[in-house]
Amino acid sequence: MELERWLWIAGLLALFLLSLWGMYRAWTGRARRQADSIGELPVVPADCGAQLLEPTTGLYLGSTLAPSWIQRITVGDLGFRATAEMTRFERGILLQRDGTAPIWIPAESITAVRTERGHAGKVMTEDGVLVIRWKLPTGTEVDTGFRGDDKAVYPAWTGVKTGDEA
């Protein structure tokens, strides 16, 4: 009886490890397929211009290929959630994430700033997520999701002029 129990435990452990390996392979495979369309992200300029909106704290939910809210980008660290602070400057939006590199979204690249119910597999209440649609230097459109700690600041963010309006 004791041997049978150990065989069951070993079998379940092997199945669990095989599942983890499969998820890792899928994640890295997706990153390889997306690498060309994502390319290099814009670097944070030395001068961001005047600050237009106060920093907003919250959770960076990840970036997805537009228009899909669930097709998460897995290149680099764009797919990982992190606590963050988002600030609007004259020349763009700076997303400073804990434990990862900052994301700079140039003003001329922004095509829309809106609120949504969900993003990157995270579903919230109505208008619970602030989503910024922008174009990467490669021309690929992405949506970057941010769940602010204070939803009262969302109207100021959705009134931001986009690159098309500037």
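**Charges, strands and a loop**

User: How do you know that Arg97 lies over the face of Tyr60?

Analyst: Arg97 is 4.9 Å from the ring centre of Tyr60. A charge counts as over a ring if NZ of Lys or CZ of Arg is within 6 Å of the ring centre and within 35 degrees of the ring normal, so Arg97, at 4.9 Å, meets the distance limit and is listed as lying over the face of Tyr60. Please keep in mind that this is a predicted model, in which local features need pLDDT of at least 70 and side-chain atom pairs count only at pLDDT 80 or more, while totals for chains, interfaces and linings use all residues. Residues are numbered from 1 along each chain as its sequence is written, and side-chain values use heavy atoms, with hydrogens and water left out.

User: What makes Asp77 and Arg97 a salt bridge?

Analyst: A salt bridge is a side-chain nitrogen of Lys or Arg within 4 Å of a carboxyl oxygen of Asp or Glu, and the N to O distance between Asp77 and Arg97 is 3.0 Å, so the pair qualifies. The two residues come from distant parts of the chain, 20 residues apart: Asp77 is in the loop between strand E1 (51-65) and strand E2 (82-89), and Arg97 is in strand E3 (residues 92-97). The names follow DSSP runs numbered from the N terminus, with helices (H or I) of at least four residues and strands (E) of at least two. As background, side chains of opposite charge can pair when their charged atoms come close.

User: Why is Arg97 called buried, and what is Asp77 called?

Analyst: Buried means under 20% relative accessible area, exposed over 50%, and partly exposed in between, with a 1.4 Å probe and protein chains only. Arg97 has 6%, so it is buried, whereas Asp77, at 22%, counts as partly exposed.

User: Which salt bridges involve Asp143?

Analyst: One of them is with Arg114, where the closest N and O atoms are 3.2 Å apart. Asp143 lies in strand E9 and Arg114 in strand E5 (residues 110-116), so this pair ties together parts that are 29 residues apart in sequence. Asp143 also meets Arg133 in a salt bridge, at 2.8 Å from N to O. That pair links strand E8, where Arg133 sits, with E9, where Asp143 sits, ten residues apart. Through shared partners, Arg114, Glu116, Arg133 and Asp143 are joined into one network.

User: Are Asp143, Arg133 and Arg114 buried or partly exposed?

Analyst: Asp143, with 2%, is buried, and Arg133, at 18%, counts as buried too. Arg114, at 23%, counts as partly exposed.

User: How do you know that E8 pairs with E5 and with E9?

Analyst: Two strands pair if DSSP finds at least two bridges between them. E5 and E8 have six bridges and are antiparallel, and six bridges also join E8 to E9, which run antiparallel, so both pairs pass the test.

User: Why is E8 described as largely enclosed by the rest of the structure?

Analyst: E8 is described in this way because six of its seven residues are buried.

User: What does Thr56 touch?

Analyst: Contact means heavy atoms within 4.5 Å. Not counting residues up to four places away in sequence, Thr56 touches Ala84, Glu85, Met86, Phe146, Val153 and Trp157. Thr56 is found in strand E1, and it counts as buried at 7%.
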